[in-house]
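Please open the structure in a viewer and keep the selection tool at hand.

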Amino acid sequence: MTPPLRKALLRGILASAPFVIVVGPFALLFGVVATEAGLDVAKVMLFSISVFAGASQFAALQLMQENAPVLVILATSLAVNLRMVMYSVAMAPHLGAASPGWRLLMAYFLVDQSFAASSVEFEKRPDQSLGEKIAFFFGTVLPIAPLWFAASLAGALLGQKIPEAYALDFAVPITFLAICAPMLRSLPHILAAAVSILATLLLTGLPYGTGLLVAACLAMATGAGAEILLERRRSHAGQ
Amino acid sequence: MPVSDALFWAVVPALGLGTFLIRFSFLGLLGARPLPAGLRRALRYTAVAILPGLVAPAVLWPAATEGQTDPARLAAALVTLIAGIVTRSVIGAILAGGVTLYTLLWW
């Protein structure tokens, strides 16, 4: 590896190193919760390796435990991952010229953390060579991905040994709220979250988690609608 | 309720493939092209539209207490939310919520 590539790789590792604090416990928790849901170690690992997206894994697991229909489970969990379309769009101008094999591999590793670190880097240093950008991207993956798999495994092995007094049932709600809360930085985001909560609670009567899907659609429309209204008001005020 | 074998195999491979295709979409196939503004706008809200609704019933009616609202869990959820908004830190919010939950449950 040439020195500039090695430097880019190292920058990537350093940029995503802080995420370790979140990724490790989150994967550990998934392993534990999935084991308590009746999955054996092999299934937990297959889950974490094939999906490799924490929030949607927890969402799918919860709906599977409620025995929701397959289509509802898939629609809801995939919707959780739809934000990654934006990641893919954002990475395409920088990494899209790589060979198909590299793009396949990078798509698999395109997670919240590698996206966050890479988009900051590529905005700061847009003129790097393609090789440096790829090296940086894989640098951001190195602290995260092996840890995700290892901590999932540790959680699965630990599994049911954790006593009930630790109220692990509530670790997932706390983690999700903690992920969401920092996103509530604009009025449309707050409104979308509020509609999501109210509509889900009002629609709990609907069968098999379909209430959540309807609520999510309403919430997304609320967020987007509020954003349009705010923009309009701002452009009027500016004239 | 434990997850059955059949359900696991019906969901997980499809979820894995679907998630990969979402990630691969523009980077792998469609290349560098702008998204329509409306779609872009809607996508910004996917996480806040789903995750709060997903946890709301578990916060108000936890399965662990057979659906009875539990002050400790409710308080922990509120503290997590507030700490996350104030500190803008995921870890900070988790710690605040966890400390609240265990303080109220164990004391």
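The domain bounds used in this tour come from an automatic or database domain assignment. The model shown is predicted.

**Chain B and its domains**

Begin by selecting residues 1–33 of chain B, which form domain 1, and then residues 37–106, which form domain 2. The C-alpha centres of domain 1 of chain B and domain 2 of chain B are separated by 26 Å.

**Chain A as a whole**

Next, select chain A and colour it by secondary structure. Chain A contains 13 helices and zero strands. Its C-alpha trace extends over about 60 × 60 × 30 Å along the principal axes. Of the 239 residues in chain A, 49% count as buried. If contacts within chain A are displayed for residues at least 6 apart in sequence, 75% of them connect residues at least 24 apart.

**The interface between the chains**

Now show both chains together and select the residues at which they meet. On the side of chain A, 78 residues are in contact with 63 residues of chain B. Helix 6 of chain A, residues 83–95, supplies the largest share of the chain A side, namely ten residues. By class, that side of chain A consists of 56 nonpolar, 17 polar and five charged residues.

**Helix 12 of chain A against helix 3 of chain B**

The crossing of helix 12 of chain A and helix 3 of chain B is right-handed. Among the residues making this contact are A:H189, A:A192 and A:S196 from helix 12 of chain A, and B:V48, B:G53 and B:P57 from helix 3 of chain B. The contact between helix 12 of chain A and helix 3 of chain B comprises eleven nonpolar, four polar and no charged residues.

**The largest nonpolar core**

Which residues of the largest nonpolar core touch the most other members? Select A:L177, A:C180, B:V48 and B:L51, which hold that position among the 108 residues of the core. Helix 2 of chain A, residues 20–36, gives the most to this core, with ten residues.

Finally, centre the view on A:L177. Leaving aside residues up to four places away in sequence, A:L177 touches B:V55, B:A77, B:T80, B:L81, B:G84, B:A93 and B:G97.

Methods. Residues numbered from 1 in each chain as written. Chains lettered and ligands numbered in written order. Predicted model: local features only at pLDDT ≥ 70, side-chain atom pairs only at ≥ 80, totals over all residues. Contact = placed C-beta atoms within 7 Å. Helix = DSSP H or I, 4+ residues; strand = E, 2+ residues; numbered from the N terminus. Nonpolar A, V, L, I, M, F, W, Y, C, P; charged D, E, K, R; others polar. Core = buried A, V, L, I, M, F, W, Y, C linked by C-beta atoms within 7 Å. Buried ≥ 20, exposed ≤ 12 C-beta atoms within 10 Å, placed from the backbone. Left-handed = near helix turned anticlockwise from the far one by under 90°.
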